[in-house]
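Hi,

Here's the structure I said I'd pass along.

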Amino acid sequence: MRTAKRIEKLPPYLFAEIDRKVAEAKARGADIISFGVGDPDLPTPQHVVEALADAARDAATHRYPSYTGMPEFRRAIADWYERRFGVSLDPDTQIQPLVGSKEGIFHLPVAFIDPGDVALIPDPGYPVYETGTILSHGEPELLALTAENDFKPDLDALDEQTLERARVLWLNYPSNPTAACVGLDFFTTAVEFCRRHDLLLCHDAAYTEITYDGFVAPSALQVPGALDCAIEFHSLSKTYNMTGWRIGWVAGATEAIEAIKRLKTNIDSGIFDAVQRAGIAALEGPQDDLLATIETYRHRRDLLCDGLKSMGVIVEPPRGSIYLWVPVPEGHNSESFTTYLLDQADIVVAPGNGYGPSGEGFVRFSLTLADDRLEEGVERLRKIVT
Ligand SMILES: *Cc1c(COP(=O)(O)O)cnc(C)c1O
């Protein structure tokens with residue numbers, strides 16, 4: 001059997017070796033503490049589960065859903081944008097539901113990247129921006145995010161030739177994996193840059209609702225003129241602990257949404273209507289579970305930051321996301337430190353270089369584990385680090 005060349009062009013899956021080692025450790029009975037995956041451990045709000053159960057009993061939800069999503073769900077998204085960001089969107093032309101935002105992120109280059117076109121991609125960043133680009137025969141141009149530039153790309157450093165071939169700019173704040181946050185001023189700069197260079201700004205806003213210490217994350221669509229050149233990907237996954245449900249959306253520039261719609265009618269057949277009804281319940285129902293979720297993560301963030309600090313590892317508590325981005329100790333790189341933690345302490349973290357070359361020298365801790373496990377993890381770290 002011969003696989004297509006595009007499969008060979010995909011970067012190696014860095015986590016495969018770690019997965020193998022974790023499986024090995026578990027087989028010998030090790031008590032693994034995982035800070036590895038960013039998959040919320042808290043349950044979906046009960047009223048959302050009830051909405052799904054009710055909807056699933058209604059045979060009207062059992063047939064093919066609409067390609068463009070339920071009008072009521074798109075209306076709920078538009079209302080949420082208005083309430084949350086003061087952004088007015090037309091539910092018919094500026095919003096498209098997605099089978100999880102990853103689906104739309106992966107497919108975006110199919111609609112916007114021709115062979116040889118460039119996509120500007122944050123490094124480190126969510127790997128799907130790059131793999132989607134590669135599978136569309138585009139060229140990823142990695143924008144290094146470093147502590148020195150507050151994990152923001154230096155757009156002015158891009159040369160003219162690259163910019164001429166560039167079609168899209170990906171951004172993601174609050175960021176996975178760096179946990180960096182930006183204010184509206186940065187999006188204003190980015191929108192202006194994209195208008196000047198005829199780029200589509202694609203903002204991945206998966207974590208805008210998970211923020212701390214009074215910080216309220218902006219939407220890129222709040223920038224005046226953004227609706228001409230920007231789209232934003234959103235998801236119920238992190239906000240409402242719904243990673244398993246596969247429901248998200250993309251909103252913004254009409255022309256871009258139109259192209260995505262056209263593409264998607266040829267790929268999938270929409271989201272189960274019962275899941276969309278549950279999505280409406282999530283957006284329009286009581287938000288106390290979200291507040292409790294944020295408080296849980298904040299507490300864990302502080303436990304981990306304080307624990308690391310007591311070992312001499314200073315990590316500024318991030319204002320958003322569910323991650324800590326932690327520099328590795330002297331003499332280690334991302335992979336060696338990840339292996340060291342697993343071998344010496346049965347602790348799993350995500351190696352920073354798995355998110356791009358500029359992630360080298362860091363590991364990512366996810367806050368998606370119970371307090372007692374997190375505390376046990378900190379104690380184990382203390383034993384081997386100090
Ligand atoms: C979790 C995550 C997503 C997407 O999640 P879906 O479950 O596919 O909606 C998108 N971007 C980033 C950066 C994420 O961390």
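Let's start with R301, which is found in helix α12. Keep in mind that this is a predicted model. R301 counts as buried, at 2% relative accessibility, and its side chain makes a polar contact of 3.0 Å with that of D302. Leaving out residues up to four places away in sequence, R301 touches Y212, D213, P317, P318, L324 and L367.

Setting aside neighbours within four places in sequence, L304 is in contact with F35, L324, F365, L367, L374 and V378.

- S235: a polar side-chain atom lies 2.6 Å from an oxygen atom of the ligand.
- R246: an N or O atom in the side chain is 2.7 Å from a ligand oxygen.
- K102: here a polar backbone atom is involved, 2.9 Å from an oxygen atom of the ligand.

How much of the ligand does the protein bury? Taken alone, the ligand exposes 390 Å², and the protein buries 94% of that.

On to helix α6 (residues 128-135), where V128, Y129, G132, T133 and I134 are buried. The cover over those buried residues includes α1 (5-9), α5, β3 (118-123), β4 (139-144), β5 (166-171) and β6 (200-204). After α6 comes H137, with a positive phi near 60 degrees.

That brings me to the backbone geometry. Most residues other than glycine have a negative phi, and most peptide bonds are trans. These are some places to look at with that in mind:

- D213 is not a glycine, yet has a positive phi of about 55 degrees. D213 is in the loop between β6 and α9 (226-229) and counts as exposed, at 54% relative accessibility. It is also one of the residues that R301 touches.
- N241 is not a glycine either, and its phi is positive at about 55 degrees. N241 lies in the loop between β7 (230-235) and β8 (248-252), but is buried, with a relative accessible area of 7%.
- D123 to P124 is a cis peptide bond, with omega near 5 degrees. P124 is in the loop between β3 and α6.
- N176 and P177 are also joined by a cis peptide bond, with omega about 15 degrees. P177 is found in the loop between β5 and α8 (184-196).

Last, the cysteines. How many disulfides are there in the whole structure? A search finds zero. C194 is in none, and its nearest cysteine sulfur, that of C229, is 5.8 Å away.

Cheers

Notes
Residues are numbered from 1 along each chain as its sequence is written. This is a predicted model: local features need pLDDT of at least 70, side-chain atom pairs count only at pLDDT 80 or more; totals for chains, interfaces and linings use all residues. Side-chain values use heavy atoms; hydrogens and water are left out. A disulfide is a pair of cysteine sulfur atoms within 2.5 Å. A polar contact is a pair of N or O atoms within 3.5 Å; within protein, one must be able to donate a hydrogen and the other to accept it, and residues adjacent in sequence count only if both atoms are side-chain atoms. Accessible areas come from the Shrake-Rupley method with a 1.4 Å probe; for residues, only the protein chains shown count as cover. Buried means under 20% relative accessible area, exposed over 50%, partly exposed in between (1.4 Å probe, protein chains only). Helices (H or I, at least four residues) and strands (E, at least two) are DSSP runs, numbered from the N terminus. Contact means heavy atoms within 4.5 Å.
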